[in-house]
Amino acid sequence: MAPPQQDTGTSTAGGRPGLAAHDEAVRRLRREFRALPGDAPVRLAKPTSNLFRFREPSASPPLDVSSFSGVIGIDPVEGLADVGGMTTYEDLVAATLPHGLMPLVVPQLRTITVGGAVTGLGIESTSFRNGLPHESVQEMEILTGSGEVVTATRDNRHADLFHGFPNSYGTLGYALRLRIELEPVSPYVHLRHLRFHDAAEAMAALERICGAAEHDGRPVDFVDGVAFGPDELYLTLARFTDHAPWTSDYTGTGIYYRSIRDYAGTGPGDYLTTHDYLWRWDTDWFWCSRAFGAQHPLVRPLWPRALKRSDVYRRLVAWDRRTDFSRLLDHYRGRRPREPLIQDVEVGVERGAEFLDFFHARIGMSPVWMCPLRLREPASAGAADGHVWPLYPLESDRLYVNFGFWGLVDTVPGQRRAHHNRLVEEEVECLGGHKSLYSDAFYTEERFWRLYNGTAYARLKADYDPDGRLLDLYAKCVRNR
């Protein structure tokens with residue numbers, strides 16, 4: 001199929017010139033790759049990151065991939081977009097919404113890139129019906145560890161790389177261009193928040209609602225939820241609508257996650273523009289902006305709207321990690337040390353209540369985000385080890401719940417290093433789930449490769465990075481190299 005030719009207004013005018021500029025950028029990048037010393041690690045120069053594995057800067061020159069941060073073309077008739085791998089979802093959504101379209105899954109944070117969501121996974125409230133971002137990819141152009149550029153699809157000779165690329169985190173190669181599916185949207189989204197008084201009740205409702213894609217006879221396009229405590233859980237059911245009697249604005253003094261309690265059980269519910277719904281979590285980085293004082297009633301009106309963004313907060317966290325400021329402040333205040341616990345995990349819905357009970361009893365952090373997920377791609381006979389996406393081996397036709405929790409937990413003397421993180425890893429494994437690898441991980445090497453399909457990964461590594469120019473997945477995600 002020819003690439004989309006529709007001009008997006010965000011790249012070179014017209015589809016053909018945009019694609020020509022992209023092809024020239026590919027040639028330039030390959031030359032830069034070949035010019036790197038043979039023993040130098042290959043790294044990308046990226047202005048933003050949503051990873052929480054903080055590493056020391058590398059002395060070797062990074063590859064300049066800034067030319068791959070634009071939308072190449074949109075075909076509104078076929079519902080397809082060709083995008084550079086470094087394109088942020090913020091830029092992609094800005095290009096698709098004027099056509100009445102959006103990506104099938106739009107991860108919660110504006111500066112997540114399309115390539116990053118595919119190689120590192122992503123999720124959002126459409127995932128109960130559309131799966132994960134990589135499942136709406138039709139083809140991807142990848143710079144491999146050997147310096148070659150290949151186009152991988154579900155059924156060409158690089159199909160193994162296509163299916164093995166998700167959860168490889170840039171250790172097999174980098175996505176330079178992706179062709180993704182889009183779906184129609186309406187101008188507004190209507191939200192209803194349902195309260196539950198225990199985790200088992202909430203999980204049963206989640207399974208029922210996601211299975212039917214409706215509730216009380218009304219269709220449901222989006223589902224996620226928040227657990228504020230063991231006896232206060234909410235599911236947010238949302239649907240597209242062409243009309244809204246009003247729209248809420250959570251980019252100013254209002255705070256989205258607090259509105260869930262306010263609107264729960266009310267007759268009309270809440271309304272947002274589709275644009276504001278997609279970025280409802282970004283303004284306050286879910287609820288983590290409170291750590292910077294951005295939710296304080298005296299501070300919030302003074303905090304500029306332009307700085308109420310996840311990438312701003314993430315830069316503040318990176319500065320804190322570099323300077324050790326908060327740890328030193330806690331020390332001089334006489335406060336006990338705290339452990340960062342920043343994780344997303346997937347657990348089968350039938351065991352979701354067990355996980356929440358464990359989490360409230362042993363960890364004690366709140367709120368907790370809950371997002372249902374069902375793989376869109378059916379399992380096939382040719383799938384590696386029975387899993388169509390072998391490096392993150394979730395089961396097809398099974399509803400999972402992503403639990404996200406981000407913050408600091410008090411420690412006590414005598415606890416092992418990363419005590420709470422390790423508790424979570426052990427519990428998730430016990431429940432048959434998986435943990436995302438964007439943040440710190442503490443697995444032994446044997447345990448890691450058993451959970452993330454080391455056999456399939458070794459085959460891919462041998463084929464697409466035979467000289468080891470890129471780090472391997474364990475070195476990158478656990479050893480933080």
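How many helices and strands are there in the protein, and which residues line the largest cavity?

Mentor: The model is a predicted one, and the protein in it has 15 helices and 18 strands. Its radius of gyration is 22 Å, close to the 23 Å that the globule rule gives for 481 residues, so the protein is as compact as a globular protein of that length. Along the principal axes, its C-alpha atoms fill a box of roughly 60 × 55 × 50 Å. Of the 481 residues, 58% are buried. Among contacts with a separation of 6 or more, 73% are between residues 24 or more positions apart. The accessible surface of the protein is about 19,700 Å², and carbon and sulfur atoms account for 51% of that area.

The largest cavity holds about 60 Å³ of space. Its lining consists of R110, Y250, T251, L272, D276, W279, R280 and T283. By class, three of these lining residues are nonpolar, two are polar and three are charged.

The second largest cavity holds about 40 Å³. It is lined by M102, V106, E124, S125, T126, F222 and L278. Here the lining divides into four nonpolar residues, two polar residues and one charged residue.

How values were computed:
Residues are numbered from 1 along each chain as its sequence is written. This is a predicted model: local features need pLDDT of at least 70, side-chain atom pairs count only at pLDDT 80 or more; totals for chains, interfaces and linings use all residues. Side-chain values use heavy atoms; hydrogens and water are left out. On a 1 Å grid over the protein atoms alone, a cavity is a set of points where a 1.4 Å probe fits but cannot get out, and a pocket is an open set with protein on both sides within 12 Å along at least five of seven lines; lining residues have an atom within 4 Å of a point. Grid points are joined across faces, edges and corners, and a volume is the space filled by probe spheres set on the points. Ala, Val, Leu, Ile, Met, Phe, Trp, Tyr, Cys and Pro count as nonpolar, Asp, Glu, Lys and Arg as charged, and the others, Gly among them, as polar. Helices (H or I, at least four residues) and strands (E, at least two) are DSSP runs, numbered from the N terminus. The radius of gyration is taken over C-alpha atoms; the globule rule is 2.2 Å times the number of residues to the power 0.38. Buried means under 20% relative accessible area, exposed over 50%, partly exposed in between (1.4 Å probe, protein chains only). Contact means heavy atoms within 4.5 Å. Accessible areas come from the Shrake-Rupley method with a 1.4 Å probe; for residues, only the protein chains shown count as cover.
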